[in-house]
Amino acid sequence: MTTAPDPMALPAFEAVCVTGEERNCGATSGTLHTPDELTRWIAGHCAQSGHELYEQTARALVRAEPGAWQ
């Protein structure tokens, strides 16, 4: 069994601002579909707020492909 990215599915990227002393800012990019879109959102939030620490999540659909166990 192997896995392979599903070519028909868009990847998903999201960032959450975790800058803060007593609590995280919590601003979120929402779901974006390219790393460049995510970088632009982070740059914009950073420019407006001065916040510099973000948690990034990347998601993709993969298909299980039967075969010999590797």
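Predicted model: local features only at pLDDT ≥ 70, side-chain atom pairs only at ≥ 80, totals over all residues.
Q: In what order do the elements run from the N terminus?
A: The order is β-β-α-β-β.

Q: Where are β2 and α1?
A: β2 covers 12-17 and α1 covers 35-49.

Q: And β3 and β4? Where do they sit?
A: β3 is 54-59 and β4 is 62-65.

Q: Change of topic: overall dimensions. What is the radius of gyration, and what would a compact globule have?
A: The protein has 16 Å. A compact globule of 70 residues would be near 11 Å.

Q: What does the C-alpha trace span along its principal axes?
A: About 50 × 25 × 15 Å.

Q: How many of the residues count as buried, as a percentage?
A: 17% of the 70 residues.

Q: What about the accessible surface?
A: The accessible surface comes to about 5,300 Å². Carbon and sulfur atoms hold 55% of that area.

Q: Which share of contacts joins residues at least 24 apart?
A: 55%, counted among contacts between residues at least 6 apart in sequence.

Q: Charges next. How many positive and negative side chains are there?
A: There are 4 positive and 9 negative side chains. The centres of the two sets lie 7 Å apart.

Q: On to the cysteines. How many disulfides?
A: The count is zero.

Q: Is C17 buried or exposed?
A: C17 counts as buried, because its relative accessibility is 0%.

Q: And C46, what is its closest cysteine sulfur?
A: The one in C17, at 8.6 Å. That pair is also too far apart for a bond.

Q: How does C46 count for accessibility?
A: C46 is partly exposed, at 29% relative accessibility.

Q: Which residues does H51 touch, beyond those up to four places away in sequence?
A: H51 touches C17, T19, C25, H45 and C46.

Q: Where is H51 found?
A: In the loop between α1 and β3.

Q: How far is H51 from A27?
A: Their C-alpha atoms are separated by 10 Å. Along the chain the two are 24 residues apart.

Q: Now N24. Where does it lie?
A: N24 lies in the loop between β2 and α1. N24 is partly exposed, with a relative accessible area of 43%.

Q: What is N24 in contact with, leaving aside neighbours within four places?
A: C17, V18 and T19.

Q: How far is N24 from W41?
A: 17 Å in space, C-alpha to C-alpha. In sequence they are 17 residues apart.

Q: Let's go to A60. Which loop is that?
A: A60 is in the loop between β3 and β4.

Q: Is A60 buried or exposed?
A: A60 is exposed, because its relative accessible area is 56% and the cut-off for exposed is over 50%.

Q: How far apart are A60 and A12?
A: In space, 6.3 Å from C-alpha to C-alpha. In sequence, 48 residues.

Q: Last one, P66. Where is its place?
A: P66 sits in the segment after β4. At 73% relative accessibility, P66 counts as exposed.

Q: How far is P66 from C17?
A: The C-alpha atoms of P66 and C17 are separated by 40 Å. The two residues are 49 apart along the chain.

Notes. Residues numbered from 1 in each chain as written. Heavy atoms only, no water. Helix = DSSP H or I, 4+ residues; strand = E, 2+ residues; numbered from the N terminus. Rg over C-alpha atoms; globule rule 2.2 N^0.38 Å. Buried < 20%, exposed > 50% of the residue type's maximum accessible area, 1.4 Å probe, protein only. Contact = heavy atoms within 4.5 Å. Areas by Shrake-Rupley, 256 points an atom, 1.4 Å probe, with all protein chains shown as cover. Lys, Arg positive; Asp, Glu negative; His and termini not counted. Charge placed at Lys NZ, Arg CZ, Asp CG, Glu CD. Disulfide = S-S within 2.5 Å.
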